[in-house]
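User: I am new to this structure. Please show me how to read it.

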Amino acid sequence: MRSTKPMRSRRGVKALAVMCALALTAAACSSDDDDSSSDSTPAEGSAETDAPSDSGAPAGGDGGTLTIATAADAQPNAVLATRAGNNLWRRQVYDTLTSVNIDTGQPDPLLATDWEWVEDGDGWKMVINLRDDVTFHTGRDFTAEDVIFTFDQQVLPESASQTAPVLQRANSWEATGTHEVTIFADDPIGNIFDAFALAVIIDSETYAGVADGTEVIGTGPFMWDSWEPGSSLSLVKNPNYWNADEPKLAAIEYVIIPDPTALTAAMQSDRAQVVFDLPTLDAQLLLEDDKFAPLVVPGPIFPLGMDITQPPFDQVEVRQAVGYAIDRERIVEQVFQGAADPSVLHWKTSEPGMDDSYAYRYEYDPDLARQMMEDAGAVGTEIEFTTLNIPNVVAVFEIVQNNLADAGFVVTANVLDTAQFDELQAAGDLGPIFQQIHGLNLSAASLVDAYPALRDGNPSQEADPEYRQLRDDLQAATDEASYATALQTLADWMLEEVFSLSVVRGEAINVQTVTVNGIEYTAEGVMILAGASLSE
Amino acid sequence: MGRYLLRRIPSVVLVIVVASFVGFSLPRLAPGDPAVTLAGPDATLEQIEAIRAEEGLDQNLITQYFDWVKDVFNGDLGTSILSGRPVSELISSRVATTVELAVVALIFMLIIGAVLGVIAGSARNRYVSAFVDSFNSVLLGTPPFLVGLIFILIIGVELNLLPFSGSVPITEDPVEGFRSVFLPALALALPPAAAIARLVQAQMRRTRGEQFVELAVAKGVPSRRISVRHVLRNSTDAGIVLAGIRAGELLAGAVVIEAIFARNGLGQLAVQSVQNRDYQVVQVIVVGAVAVALAIQLLTEILLAALDPRIRLT
């Protein structure tokens, strides 16, 4: 037996118990206090790091702070490329030369006031006149040299810009005046406005600070205030914006919340007024509450690709059979709860020349698919079906996998993590059949060289010279009629060859409170908050 | 104790060196690299290669490892490839949130574990004992994320009693800070607290059968004094060891709890960095986590020796 000393822990246990009781009481009391004022302050569930006190409500007529919850963090080092996180803030900080109108599909002037393609000897040139009343957030005047600097950066491989190939079709560009830029090319570039959409005008003097987010200077309606990577981004009003009527908000806060449950909680707790990246079902559940409204934007497409050099997909009949084997309506209902279009096209069905005969050419017909498989002698063929581990993609993949098995394939699933999949996709090495996801909202003329599924070096190994020629014809079309004809010819060829088919085109159902007004989108799916405001 | 700590230095250094090697090499063994993430999902091989060269990812691994170790000795933990920010800045901006959560959870865990254990181990009323036993069993079988979700639904959404999204530093606003950490910390603490309680309870029951307790009873020592002075004090060893182990696990549990309560702490940073192959951040977090686990282990042993005279640190 050993001796025992007076028990110190008795007092300690009591002290801890008292501490716990005090803490619980403090929490409860504080909660009671807040309950009494919950009508006039951000609600109980909200607790923001570094959030200003006026978060979420108009304060003193200054427009208030709009708080946006999103899973995707900003990537300022890819400011000239489309990224899910960048689409929410980029056009708040930066302006572009033009902005393609989501209703008309035509470019509206922004920093460019007018433009014109004119013949120039053997070639063509596009003369662009610029606004002369624009300054960067540093106070420096915006000039044609800034446009030249932006174009020079956009075509560098490091920029990872999806529309670099569009701009690369030009021979050169020059500042032909303080506020005049001229682009020289062999032929007019019909889809040049897609390149402009991603070419946010950057400040050459501070561009080095963009990559790490320490100095992000544009000419846009909001100024970059602070960024905590993976955590939050703050923008504040640009008081010297060239459009005196904008912006209406005093500030925008982006809170980065990767977990879908926590995203929902951010809305339920009134921490945020807009939420992006919610699963469709969660969004629909939130929308049952009258205080929320939907904010529907074009979502990604889910292309199903086949390597035309590998059996059995080297037979066009087998690829066509796959087209008929996919139960797209089931995918629309089960995966997207109805918020998707079962179009087989990689581009919008509203593109000139497109109609239902193109969009829905491969309707679900399992008997026909099976018969075509038997005729081609492909029943019982073992295939490895590859995709990437993103929830929606895997959900689509699982239904397609079952459809392929029903058609007669023996399917082995190969689900890769995103980084591994992207690397193989870039190398054009995804195996015999693969499920992809692409999310650009550009014209078909740009998409055919931007989407990994369609561009040169695609993982389907489709390198037929006729395919290149059809894409060139489309990109050379400068008026709507010739563009529609070229697109129809290309679509007919692609739907006959079937090296890649979109399974569905999803819609992203985001949620906002009914107090948020004036959120706009460009045709490219980029959010514009210059005219956004908060009501009581 | 000084000699004990000195004797442990070689093994601590060895573990840290091994951890640095594992932390450095493991993320790089996975397919894909930060250049792929930086280049984006639509990137071409040319774009990925250009970024890889720009970020120095095309150098051989041995050179990269020794460059990193040299930089660490010079006080530079490296720069996040994805955000371009110093790793030390990223970690320091998040460490407070995680430490806050872990410390409050640790306090909750010790208090709740000790209280439940003592009640269950001392209760003569079998109904009380059965109730506490059942309560512990439920908590033991419920993972922290489930407890967290239940708290969010009931205490947050339905009753609107406490915040359940985001965090406020306790140092900036003690009351709001504590309110914002209360639910996540409690969710994190309850399951391990039940395990500690179960161990304390079992140990107390065993100790009650020891001869020195019977002697005290025979001498007429009041039962309360026997429970506290004789039984409880001799029943805490295993509980302390378990608390030490569970304290380390609190950091791991914080990853999930931070996610569902939208607290941007180290756990979230670790998950994002692994997903994005941000090697520079991952390797520092791995070595840091090992260092924290080592420190907790040493502290546990020192605490045990302080509480139990039979244990000598040599």
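User: Among contacts in chain A between residues at least 6 apart in sequence, what percentage join residues at least 24 apart?

Analyst: A contact means heavy atoms within 4.5 Å. In chain A, 68% of those contacts join residues at least 24 apart. This is a predicted model, where local features need pLDDT of at least 70, side-chain atom pairs count only at pLDDT 80 or more, and totals for chains, interfaces and linings use all residues. Residues are numbered from 1 along each chain as its sequence is written, chains are lettered from A and ligands numbered from 1 in the order written, and side-chain values use heavy atoms, with hydrogens and water left out.

User: How much of chain A is buried?

Analyst: Buried means under 20% relative accessible area, exposed over 50%, partly exposed in between (1.4 Å probe, protein chains only). Of the 536 residues of chain A, 55% count as buried.

User: Which parts make up chain B?

Analyst: Domain bounds come from an automatic or database domain assignment. Chain B has domain 1 (19-73) and domain 2 (88-307). Their C-alpha centres lie 37 Å apart.

User: How is the interface of these two domains sized?

Analyst: The size of an interface is often given as the accessible area lost when the parts come together. Here buried area is summed over both parts (1.4 Å probe). Domain 1 and domain 2 of chain B bury about 1,100 Å² between them, 65% of it on carbon and sulfur atoms. B:Pro27, B:Arg28 and B:Trp68 supply 40% of the area that domain 1 buries against domain 2, more than any other three residues.
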